[in-house]
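Thanks for coming, everyone. I'll keep this brief. Have a look at the model first, then I'll walk you through it.

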Amino acid sequence: MSVRPIEEGVVRELGDTGERVNLSYSAYLHLDELLSTQHPVSRPVHHDELLFIVQHQASELWFKLVLHELRAVRDRLRADELRPALKGLARVKHIQHQLTEQWSVLATLTPSEYAEFRRFLGTSSGFQSYQYRAVEFVLGNKNAEMLDVFAHDERAQAMLRTLLTQPTVYDEFLHHLHRHGHAVPESVLRRDVSQPYAFTPELVPVFRRIYEHSREHWGAYEACEELVDLEENFQLWRFRHLKTVERTIGGARGTGGSSGVAFLRKALDLTFFPELIAVRTEIQA
């Protein structure tokens, strides 16, 4: 059996050596803390509950990064820093691929396996993910009624209330276009950003001009396509979520009280950037 010897330069004395503190991988990532946060509630503990917990905790970590990036994208668009904003959107798209692919792991949980510990989950549900709601808010799918769901969690409710009153990524992109000479309607520029974004027909010709004269407006054109990619990835995530839930619990109600698959199916009709979809029909006309 071959053995790869450890190279001489590899640091072996980690932690407090007396002369200095050599930061370790575990200490930097707080692994002791991170790996001790999986607490199954089933009794006796069911083998597959760890999969269920890790899957959702991993998703929440990715959502945290998505929010971090989308806030930065929004700020960069406000500052007309389009290239860094596009880099941020590209990163979000890669994170979305990770989030979507994760469903294939959870899909290995069969209905009978899930049924053995599902009742222990009580009223907890992914519907109550405040970070997921925050992502939707920063992209434009705002719903003030959702604040009621987080009345038990002041910090989560405060985050959502703040995002509810702030411009979305799309709002800042449209203002960016306006500052660069595009005829964005005044009604869009002055809209109440606490409301969910609504389709504005007068905006479609603006995007048609950008698409039909892409060489003149390459930055705006590229940004439009990045946003469409982001929207499509979000829909693919929603669809994989729906199909995973359907394959696991069928038509049963969700643990949080929703109708389950029927509720998730309605989300497939939601769109963040409606004019960017509508303009495709106009271009082909």
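Let's start inside. The lining of the largest cavity has eleven nonpolar residues, three polar ones and no charged ones. Bear in mind that this is a predicted model. How many cavities of 30 Å³ or more does the structure hold? One. The volume of the largest cavity is about 110 Å³. Fourteen residues line the largest cavity, and those closest to its centre are F63, Q96, L99, V135 and F234. Which helices supply the lining? Helix 3, helix 4 (82–106), helix 6 and helix 12 each give at least two residues to it.

Now to helix 6. Is it enclosed or open? Helix 6 covers residues 130–139, and ten of its ten residues are buried, so the rest of the structure largely encloses it. Buried here means under 20% relative accessible area. The list runs Y130, Q131, Y132, R133, A134, V135, E136, F137, V138 and L139. Note that R133 and E136 are on that list. And V135, also buried, is one of the residues closest to the centre of the largest cavity.

What does helix 6 pack against? Its buried residues pack against helix 3 (49–78), helix 7 (146–149), helix 8 (154–165), helix 9 (169–179) and helix 12 (218–249).

Take helix 8. The axes of helix 6 and helix 8 lie 9 Å apart, at an angle of about 5 degrees. The two helices are therefore roughly parallel. On the helix 6 side, the contact uses Y130, R133, A134, F137 and V138. On the helix 8 side, the residues are R155, A156, M159, L160, L163 and L164. By class, that contact has nine nonpolar residues, two charged and no polar. Look at the spacing in those lists. An α-helix has 3.6 residues a turn, so residues three or four places apart point the same way.

After helix 6 comes G140, with a positive phi near 120 degrees.

That brings me to the backbone. Most residues other than glycine have a negative phi, and most peptide bonds are trans. Here are some exceptions. H30 has a positive phi, near 55 degrees. H30 sits in the loop between helix 1 (25–29) and helix 2. D80 has a positive phi too, near 60 degrees, and lies in the loop between helix 3 and helix 4. D80 is partly exposed, at 31% relative accessible area.

Last, the cis bond. R43 and P44 are joined by a cis peptide bond, with omega about -5 degrees. P44 is in the loop between helix 2 (31–34) and helix 3.

Key: Residues numbered from 1 in each chain as written. Predicted model: local features only at pLDDT ≥ 70, side-chain atom pairs only at ≥ 80, totals over all residues. Heavy atoms only, no water. Buried < 20%, exposed > 50% of the residue type's maximum accessible area, 1.4 Å probe, protein only. Helix = DSSP H or I, 4+ residues; strand = E, 2+ residues; numbered from the N terminus. Contact = heavy atoms within 4.5 Å. Axes fitted to C-alpha atoms, helices over the stretch in contact; angles between N-to-C directions. Parallel < 35°, antiparallel > 145°, perpendicular 65-115°, else oblique. Nonpolar A, V, L, I, M, F, W, Y, C, P; charged D, E, K, R; others polar. 1 Å grid on protein atoms, 1.4 Å probe; cavity = no way out; pocket = protein on both sides within 12 Å on 5 of 7 lines; lining within 4 Å. Points joined across faces, edges and corners; volume = space filled by probe spheres on them.
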